Amino acid sequence: MFFHKSSKHRSASVDFAHLPRHIAIIMDGNGRWAKKRGLPRTAGHAAGAENFRTIATYCKEIGLEYLTVYAFSTENWSRPQEEVSAIMGLLKQYLVEAIGKMERDRVKMKFFGDLSPLSQELRDLCAQTEEISRHYEGVQVNICLNYGGRDEILRGVRAFAAACAAGETAPGFLDEETFGQYLDSAGVPDPDLVIRPSGEQRLSNFLLWQSAYAEFYFTEALWPDFSKDELHRALAAYQSRSRRFGGV
């Protein structure tokens with residue numbers, strides 16, 4: 001693992017011809033960003049949403065294939081209702097704007113997580129963005145919404161068990177590749193690099209199955225302050241490592 005105090009380092013040199021295929025980001029620190037400025041937590045989430053637009057657009061510009069972001073976890077429902085409502089409102093605003101620009105931006109969008117607790121309006125918007133962008137090529141942005149790594153694995157286990165009960169498969173056919181097809185990330189390569197802003201150094205139930213061999217980058221920058229230069233430092237750190245996947 002690599003911990004980087006961003007304030008003490010300049011922008012790093014990145015080989016853009018050899019980028020990771022898939023970057024995953026835990027967008028953490030919105031509330032603390034707002035608190036430092038004497039603002040309500042909702043203002044931090046608004047700033048974080050705007051930064052997501054900036055970073056996602058930049059990832060497209062540099063040719064990244066996959067970007068997965070942790071937007072709302074299965075545990076986040078325990079936050080104050082006002083905060084949850086504000087996050088859902090920002091999500092709706094983002095999706096409405098995205099739908100209006102999809103033919104121009106041509107960003108493929110997918111949603112990971114159990115969307116059933118969301119409002120019908122939000123579920124419809126999620127389905128609409130997925131359908132519109134289904135045929136797009138280029139960067140794919142996966143938004144983890146009401147997502148938890150353990151919940152995803154349990155849902156995958158239940159789906160496989162149901163397939164067995166229906167006679168569609170049998171327990172003896174289960175291996176890692178097969179099980180991967182029952183996860184939200186089916187068809188998406190595992191993340192090469194997982195980035196967590198805010199100074200915390202844990203996965204927090206994010207992509208537990210998929211991150212088995214991911215590289216990690218932790219930074220003290222809060223998510224609304226996570227800049228392109230900070231992304232460059234994460235990419236440079238990734239490119240400095242030797243990935244052996246358990247080998248020598």
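At 0% relative accessibility, Cys 144 counts as buried. That value, like the others here, comes from a predicted model. Neither cysteine has a partner to pair with. The closest cysteine sulfur to that of Cys 59 sits 14 Å off, in Cys 144, so the gap is too far for a bond. For Cys 144, the closest cysteine sulfur belongs to Cys 126, and at 12 Å that is again too far for a bond. Overall, the structure holds zero disulfides.

Cys 59 is one of the buried residues of helix 2, a list that also includes Gly 44, His 45, Asn 51, Arg 53 and Tyr 58. The cover over these buried residues includes strand 2 (22-26), helix 1, strand 3, helix 3, strand 5 and helix 7 (228-239). Helix 2 itself has 21 residues and spans 30 Å from first C-alpha to last, close to the 30 Å expected at 1.5 Å a residue. After helix 2 comes Gly 63, with a positive phi near 90°.

Helix 2 (41-61) also turns up at the largest pocket, where helix 1 (30-36), strand 3 (66-73), helix 3 (81-105) and strand 5 (140-147) join it in each supplying at least two lining residues. The pocket has a volume of about 690 Å³. Its lining runs to 31 residues, with Met 27, Asn 30, Tyr 70, Ala 71 and Phe 72 nearest the centre. Sorted by class, the lining has 15 nonpolar, nine polar and seven charged residues.

Notes: Residues numbered from 1 in each chain as written. Predicted model: local features only at pLDDT ≥ 70, side-chain atom pairs only at ≥ 80, totals over all residues. Heavy atoms only, no water. 1 Å grid on protein atoms, 1.4 Å probe; cavity = no way out; pocket = protein on both sides within 12 Å on 5 of 7 lines; lining within 4 Å. Points joined across faces, edges and corners; volume = space filled by probe spheres on them. Helix = DSSP H or I, 4+ residues; strand = E, 2+ residues; numbered from the N terminus. Nonpolar A, V, L, I, M, F, W, Y, C, P; charged D, E, K, R; others polar. Expected span 1.5 Å × (residues − 1). Buried < 20%, exposed > 50% of the residue type's maximum accessible area, 1.4 Å probe, protein only. Contact = heavy atoms within 4.5 Å. Disulfide = S-S within 2.5 Å.
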